[in-house]
Protein chains: 2
Amino acid sequence: MDKQTITIYDVAREAAVSMATVSRVVNGNPNVKPATRKKVLEVIDRLDYRPNAVARGLASKKTTTVGVIIPDVTNIYFSSLARGIDDVATMYKYNIILANSDQNGQKEVQVLNTLLAKQVDGIIFMGNQITDELRAELKRSRTPVVLSGSVDPTGELGSVNIDYVAAVMESITDLINNGNKRIAFVSGSMDEPINGEYRLKGYKMALEKAGIKFDKELIFETDYSYRAGETLWPAIASSHATAAFVGDDELAVGVLNGARDAGLRVPEDFEIITSNDSKLTEIVRPKLSSITQPLYDLGAVSMRLLTKLMDKEEVSEKTILLPYGLIKRSSTK
Amino acid sequence: MDKQTITIYDVAREAAVSMATVSRVVNGNPNVKPATRKKVLEVIDRLDYRPNAVARGLASKKTTTVGVIIPDVTNIYFSSLARGIDDVATMYKYNIILANSDQNGQKEVQVLNTLLAKQVDGIIFMGNQITDELRAELKRSRTPVVLSGSVDPTGELGSVNIDYVAAVMESITDLINNGNKRIAFVSGSMDEPINGEYRLKGYKMALEKAGIKFDKELIFETDYSYRAGETLWPAIASSHATAAFVGDDELAVGVLNGARDAGLRVPEDFEIITSNDSKLTEIVRPKLSSITQPLYDLGAVSMRLLTKLMDKEEVSEKTILLPYGLIKRSSTK
DNA sequence: CTGTTAGCGCCTTCAT
DNA sequence: ATGAAGGCGCTAACAG
């Protein structure tokens, strides 16, 4: 009936010591005579005792679990980050409660609240938009938070990502150097700072430097999905763009397939450069040129930063930028 | 400093009732006079009180969280299941602790133990092999378990999947009808029952029915990864197979690209049929023909089954088979 | 080095 | 309908 009935008290009795002592050996407290430690360990083993993490959490006010809010695990970009997060979490003895939010402000707030109710020691948030309500809740709870692969224009939250402005500027410049004058900018909602502020800025800077006039007809806003890219193709085609920068790999693959299924040759007739360098870029044909960013590391570093925050260590910089690169595969000339 | 200091006790004092009453309204216990309920609710709102789930878990012995052991979130097949699991979990007010195992027996046992230490109310396990040790641990803990998308030959664990034998048999038959006599069977480790028993059985049955002799040279065992498929291609080529059944989509894409990069035309020169009908099958060119299985639903149903088990409801059948299908896309004639 | 004693915040009988 | 009291299993001072 009961999950497990052996408590620290049983061990104490069997080993003829106090529960405090048992607690000490369980927690690796050095103040225990080797002999009694051995004895206790033996009893623990014999009784197959396992500390109840919930009770421990209540008493110590630390649950060794962190909440991870993710738009959709099914998206390879986010799941890659998640994997890095989990690995580092495990390394530091934490577990993660994963919750999908679909980038929906409502759900995010709700999920955050249940996470806080569960007394998570910290939170990692993925999502490109932070509603005011969410930000408010986040601040009210005095729980450490770090954004993973998401920017916070205000800089008040910990975050780790790459220099989107520079990365996009570089990739656009590349496209320009290949002779393209009309370059489509395809992304998710421009309301998301990462698109509307950072990436767009990089795009504009590159154009400006090359003396090309900005044309808002070349800006395409849609979802982060394969289907969205495919569907978008006709519109891109009629904009007379000869190349596209795309903000998400799945989306990029959609554009790629849209173009090819329409009879265009990539990169001869149309060039594409994408943003996340996920597995997908190598899986499709032609392989997609991409901004490279260390997805796994982004997650891993986020979690590492969070551990510091949770330990109340001093961190010199709450906003960490990881190196990015540009890899030319076969979707660009 | 403290995460949250308002306790049920504060609310009780402010509302001039006992904490028992507050507990009652919080838990929706009907034995509370509407008037006092209203008063309490008001104070709760004013003080912005939120029940501490850890304390609640300790007292009630239920944490409303379930553990999910997954080989790798980054694999689209598993993440699709995970998404279904999380959605249903949310629906039933549960949260999931997600832990990656890499299908490594050691890690699985370890992860299982920390999950149990955290007093999860139930466990969903994904992974194609259950080591004896793991099975033993699973049984010892009296925690409900259901396998999601994984078979348990012994049938003692709850599980939800599709009829792999029939599905594979059907797809192989299809390949045979297209004129193929030498069909490669590409899968993960044959030690995994899903491959070595179920799928292989379907494969053999189809051959037998068509009067084709089984040739073990056509059996290829490898990892579930894109790279593995690509790497495997030369071997497949030299086996003179004219078609392949593949047990995993990423792997199948690897084989596909391996074949195409080697100059073959698919499906004219080589046919491929894969197993999971994940997003990938539609993303690549040619699109992959596949056994179809409701990935999201597999996860969702698993979680639903788990809720029943956790509630100690009677379940007529612990092994649930969901319908599968076969979709002919462009990698088969 | 080891034991005692309070809680941690909430649920749950048992009375009233 | 409501209150009082005893845990749930463990940590954390505080004494010795």
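DNA strand D is surrounded by 27 residues, where a residue counts as near if one of its heavy atoms lies within 4 Å of the strand. The closest are A:Ile8, A:Tyr49, A:Arg56, B:Arg24 and B:Thr36. Of the atoms of DNA strand D that come within 4 Å of the protein, 63% belong to sugar and phosphate.

This is a predicted model, in which local features need pLDDT of at least 70, side-chain atom pairs count only at pLDDT 80 or more, and totals for chains, interfaces and linings use all residues. Residues are numbered from 1 along each chain as its sequence is written, chains are lettered from A and ligands numbered from 1 in the order in which they are written, and side-chain values use heavy atoms, with hydrogens and water left out.

Now look at single atom pairs on DNA strand D. A polar contact here is a pair of N or O atoms within 3.5 Å. A polar backbone atom of A:Ile8 is 2.4 Å from a phosphate oxygen. B:Arg24 reaches a base oxygen instead: a polar atom of its side chain lies 2.6 Å away.

Which helices supply at least two residues each of the surface near DNA strand D? They are H2 (19-26) and H4 (53-60) of chain A, together with H2 (19-26) and H4 (53-60) of chain B. Helices are DSSP runs of H or I with at least four residues, strands are runs of E with at least two, and both are numbered from the N terminus. This surface has 13 nonpolar, 9 polar and 5 charged residues. In this count, Ala, Val, Leu, Ile, Met, Phe, Trp, Tyr, Cys and Pro are nonpolar, Asp, Glu, Lys and Arg are charged, and the others, Gly among them, are polar.

Turn to DNA strand C. It has 24 residues around it, and A:Arg24, A:Lys33, A:Thr36, B:Ile8 and B:Tyr49 come nearest. Sugar and phosphate make up 62% of its atoms within 4 Å of the protein. A backbone N or O atom of A:Ser18 lies 2.9 Å from a phosphate oxygen. The side chain of B:Ser23 places an N or O atom 2.8 Å from a phosphate oxygen. For the side chain of B:Asn27, that distance is 3.2 Å. H2 and H4 of chain A and H2 and H4 of chain B each give two or more residues to this surface.

Next comes a sheet in chain B. Six strands form an open, mixed sheet in the order S7-S6-S8-S9-S10-S12. Two strands pair if DSSP finds at least two bridges between them. S7 (219-221) and S12 (325-327) of chain B stand at the edges with a single partner strand each, so one side of each has no neighbour in the sheet. The twist averages 20° from one strand to the next.

Finally, take strand S5 (residues 158-162) of chain A. Is it mostly covered or mostly open? It is mostly covered: 5 of its 5 residues are buried, meaning under 20% relative accessible area with a 1.4 Å probe, protein chains only. A:Gly158, A:Val160 and A:Ile162 lie on one side, and A:Ser159 and A:Asn161 on the other. In a regular strand the side chains alternate between the two faces of the sheet. S5(A) pairs in the parallel sense with S4 (residues 145-148) of chain A over 3 bridges, and with S11 (residues 319-322) of chain A over 4 bridges.

Definitions and conventions. Axes fitted to C-alpha atoms, helices over the stretch in contact; angles between N-to-C directions. Polar contact = N/O pair within 3.5 Å; in protein donor to acceptor, adjacent residues only side chain to side chain. Buried < 20%, exposed > 50% of the residue type's maximum accessible area, 1.4 Å probe, protein only.
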